[in-house]
Amino acid sequence: MHGLGLPASLALHCAIVASFLFTWSHTLDIVDATPVVPVDLVTLADKTNVAPMTTEPPKPEEEQTPDAVEPQQKPPQPEEVAPAFDKTPIPKPPPKAQEKPKEKFDINNIMALLDKKKPAKTAEKGRNGPQTVKGIGAQDAMTADLRSLLQSQIYKCWSPPVGSPRPDQLTVEFQLYLRLDGTIAQPPKLTATGISSGDPFMRAAVEAARRAIYTCAPYRLPVERYGQWQSVIFVFDPRDMF
Amino acid sequence: MRRIGLILAAAMAFAVPASAALKVDVNQANIQPLPIAIPDFVAANPADTAVGENIAKVVSADLDRSGLFKPLDPKSFVEKIANIDSIPNFGSWRVITAQGLVTGQAVTQPDGRLRVDFRLWDVYGESQMTGKQYFTQPNNWRYVAHMISDAIYERITGEKGYFNTRIVFISESGPALARKKLLAVIDQDGANPLFLTTGSYIVLTPRFNPTAQMIAYMSYIGGKPRVYLFDLESGRQEKLGDFPNMTFSPRFSPDGNKVAMSLEKGGNSDVYVMDLRTRTSQRLTFDPGIDTAPSFSPDGRQITFESDRGGTQQVYIMNADGSNQHRISFGDGRYGTPVWSPRGDLIAFTKQHSGTFSIGVMHADGSGERILTNGWADEGPTWAPNGRVLMFTRGVRGGRGSHIWSVDITGRNERRVATPGDASDPAWSPLIQ
């Protein structure tokens, strides 16, 4: 039995070590696998309605020059500079292309400094912050909810004279300024009417609109967005009322 | 430094405003009557107190009946009006949700006449919208109240009022087989009923002339149906011509100088126009169908009428000389009793469809048909002088009489008119100035 015990013990130990190695390598494979990331699929509108914020640096102004719009077939040739006094060419070391004369800061010459266009240098020096650039569409999505809020309130207060013979002409436009608490800061200003405000039907429509503005105040709107609703233009259109 | 200033100025010039005005389209509304406060009119002496209270009540009832105003309960008033020449405390009227305020006073003058003043205030605008003064005999206080209602209505809605008007109609009483029909007149609010005939003969289809002093109607005096004229001031009546056959459905031209009517001959009725000054008549329709119920356009240039010349009863239009006759109603059912709106924009009619009679309106070209009432037997519309409200006859189910109802041209505010007993065939007078 002693003769078989040693080889049997070795074989058993080797088997145990091998089984551990196999298991560890398998575990490592799992750890290295790409984690599952949940992704929501959304559909973007063809034309965004919000002014986009961009982090890209503005394109160099050179791209907007006519040269950039109509690329030339040949690269521009360097200008030949004729010597002023000596017609005999004297070989000179070529001027350093990137060498620039040192400039002294002069507060009286600030206009000249500002006139210099160095977009590339700006891009090199640092990363631009977010800049608002013009988007596509009416760009009113950010205030659409405010409009809905105001509409839902003013609808309940507006009772225009119905049954007039020309309701499609009786549009009324009022501008008003609101305080932070939604109250009216100053008397609403009549900015437009469909027909002459001397017309009795038009006058009645104007007064009905003004009453609606007053009776609806104070308006309940998000205080943190006061800048977007401190000035409001209501366009009252009774053409569908009957 | 000057250059820096220029730079800053240039930068400010190109700066974007902090916020542009938020534009909001308002194209839905909550159509509600205007809350209005009408305190009792101030009386200069105790004898005028009742008049002041009564005028306020009549004005309040007029405006309430229009459906466009909601007179507030006087018990809710915070401020007591003691002097109409001082500016009200608008805040105390806003508290009770009043948007309009009427203040007034009634004073009997030394010469015995009644002087009535009123002011209409815009409670939110804190300004006077209108103010008027009337002198009249004390027993006319009710008409002054209606005139005040008209002034308020016109100022708020932009349209002429219709409160100082009268209704002529057929008052009915008695069993169905022995029905008594009287020619009667009431104020538009049902006050001051006046019976013009005794009931010894049947009267039908009364119509006011443009001055509201004369009524044309059809009567069976002597067993023969004829069109008669009744002068309200003198009480005198006269036969309109001596036609050999039946004449019916009279209606005045807008200038009051002509009457359009139907004349039946051998089972065929046609539209005629009679000049009241010369008493000469002109035939306008010549087809073998039944042409009847003519009504002038407000400019007097056209006439709408009903005819079955196309196989069914429909609404037609022609020029006042009878030319260019053409059909304008093409919906399902039958159309009759067309009446041109005083405003000129609509023609009201009776429509028979699926066993019911309804009142509707359409434009003069036949477009924009709208059915306003859904009674069981509504017929015979007549326009308020402002073209805004209609009255009509509504039959009671089972043939148990009929009443007069009114409805706004929007189809809202259906109300029964206060008549003494059963009533039919209403005709609205012009506005009495």
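This is a predicted model: local features need pLDDT of at least 70, side-chain atom pairs count only at pLDDT 80 or more; totals for chains, interfaces and linings use all residues.
**Stop 1: chain A**

Select chain A and colour by secondary structure. Seven helices and five strands make up its secondary structure. Followed along the sequence, these elements run α-β-α-α-α-β-α-β-β-α-α-β. Now colour by burial: 15% of the 242 residues of chain A count as buried. For the contacts in chain A with a separation of 6 or more, 79% come from residues 24 or more positions apart.

**Stop 2: where chain B touches chain A**

Bring chain B into view and select the residues on either side of the contact. Chain B puts 28 residues in contact with 41 residues of chain A. On the chain B side, α1 (2-13), β1 (22-26) and α4 (141-157) each supply at least two residues. Which of the elements gives the largest share of this side? That is β1(B), with five residues. Coloured by class, the side of chain B that touches chain A shows eleven nonpolar, ten polar and seven charged residues.

**Stop 3: helix α4 of chain B**

Select residues 141-157 of chain B, the helix α4(B) that also supplies residues to the side touching chain A. Step past the end of the helix to B:Gly158, which follows α4(B) and has a positive phi near 90°.

**Stop 4: the two domains of chain B**

Colour residues 34-157 of chain B as domain 1 and residues 166-428 as domain 2. The C-alpha centres of the two domains lie 36 Å apart. Five residues from domain 1 and six residues from domain 2 take part in the contact. On the domain 1 side, helix α2 (residues 49-66) of chain B gives the largest share, three residues. By class, that side of domain 1 has one nonpolar, one polar and three charged residues.

**Stop 5: helix α2 of chain B**

Stay with α2(B) and show its side chains. The helix has 18 residues and reaches 26 Å from first C-alpha to last, close to the 26 Å expected at 1.5 Å a residue. Which residues of α2(B) are buried? They are B:Val51, B:Gly52, B:Ile55, B:Ala56, B:Val58, B:Val59, B:Ser60, B:Asp62, B:Leu63, B:Arg65 and B:Ser66. Just after α2(B) comes B:Gly67, with a positive phi of about 80°.

**Stop 6: two hairpins in chain B**

Select residues 268-275 and 280-283 of chain B, strands β17 and β18. They pair in the antiparallel sense over four bridges. Opposite B:Asp275 stands B:Thr280 in β18(B). Four residues lie between the strands of this hairpin, in which B:Arg279 takes a positive phi near 60°.

Next, select residues 334-340 and 347-353 of chain B. Strands β23(B) and β24(B) pair in the antiparallel sense over five bridges. B:Arg334 and B:Gln352, the latter in β24(B), stand opposite each other. Six residues separate the strands of this hairpin, where B:Gly344 takes a positive phi near 90°. Six of the seven residues of β23(B) are buried, so this strand is largely enclosed by the rest of the structure.

**Stop 7: a four-stranded sheet in chain B**

Finish with strands β27 to β30 of chain B. The four strands form an open sheet in the order β27-β28-β29-β30, with antiparallel pairing. Which strands form the edges? They are β27 (378-383) and β30 (415-416) of chain B, each pairing on one side only. Zoom in on β30(B) and its neighbour β29 (residues 402-408): they pair in the antiparallel sense over two bridges. The last pair to pick is B:Trp405 and its bridge partner in β30(B), B:Arg416.

How values were computed: Residues are numbered from 1 along each chain as its sequence is written. Chains are lettered from A and ligands numbered from 1 in the order in which they are written. Two residues are in contact if their C-beta atoms, placed from the backbone, lie within 7 Å. Ala, Val, Leu, Ile, Met, Phe, Trp, Tyr, Cys and Pro count as nonpolar, Asp, Glu, Lys and Arg as charged, and the others, Gly among them, as polar. A residue is buried if 20 or more other C-beta atoms lie within 10 Å of its own, exposed if 12 or fewer, and partly exposed in between; C-beta atoms are placed from the backbone. Two strands pair if DSSP finds at least two bridges between them. Domain bounds come from an automatic or database domain assignment. The expected span of a helix is 1.5 Å times one less than its number of residues.
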